[in-house]
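Please read these notes alongside the model.

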Amino acid sequence: MRKITNTQLQVAFGFLCCWVCVDAFVPSGWSNAHATFYGGSDASGTMGGACGYGDLYSTGYGTRTAALSTALFNDGAACGQCYKIICDYQSDPKWCIKGVSVTVTATNFCPPNYALPNNDGGWCNPPLEHFDMAQPAWEKIAYYQGGIVPVIFQRVPCKKHGGVRFTINGRDYFELVLITNVGGAGSIQSVSIMGANTGWITMSRNWGANWQSNSYLNGQSLSFRVTTTDGETQVFTNIAPANWQFGQTFSSPLQFT
């Protein structure tokens, strides 16, 4: 029997850890920003949005959501990230509710308004970090009449119910896949798709949380390999059966940490 050296064991163990020993997403430090609100008391005006999540009720995001300024949105790469937000009571005791926080998911983009100055209406202009929160989320930390308040925030792990979901839209030779309910880091760095008769095919971000492939994959079961922005990779094997149809959503038992 061939003897295995300590070096070979270390290499093998290190390779295994790349796929198994994944650290959970770690919260960031605290930063300063400002926050406003939109969408009405029932958050109905927040549906849709630049991340492509559509009906935020049915996709599981609810009313604790926010639109991010250019400095935070990162051309859609921040879609799905979660932020813990506290109103800065020391800076604004009149409108902040003391001692409470709310965690929101990034689902939309707050566009700049260059016609207004950064400190008077152009709240989402670069380089400002700003959250335009769904009204119900805002009212957890500030009074409605305040309009705009200073906040402190940190990026935190996303805690989601159930596994990652894949909605397959598009047409022949164009798969547009919306990936939702992502835990852990929340945001996605890269995606690959594989049909039953293909190898892994790299997808590209089309917009928001929608990823595209220009391959003909009809009639094949589909698998996805997804890497979140903290480097964690999960493989979703045969998540869609061979008889999948455009417009269908498929749920996985797997989730990011």
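**Notes on the predicted model**

1. The protein chain has an average pLDDT (the predictor's confidence in each residue, from 0 to 100) of 92, and 91% of the residues score at least 70. This is a predicted model, in which local features need pLDDT of at least 70 and side-chain atom pairs count only at pLDDT 80 or more, while totals for chains, interfaces and linings use all residues. Residues are numbered from 1 along each chain as its sequence is written, and side-chain values use heavy atoms, with hydrogens and water left out.

2. Over residues 1-21 pLDDT stays under 50, and the model has five contacts (heavy atoms within 4.5 Å) beyond four places in sequence for them. Where pLDDT is low, the predicted coordinates should not be read in detail.

3. Thr-105 sits in strand E4, residues 102-109 (strands are DSSP E runs of at least two residues, helices H or I runs of at least four, numbered from the N terminus). Thr-105 is buried, at 5% relative accessible area (buried means under 20%, exposed over 50%, partly exposed in between, with a 1.4 Å probe and protein chains only). Beyond four places in sequence, its contacts include Tyr-61, Arg-64, Gln-81 and Lys-160.
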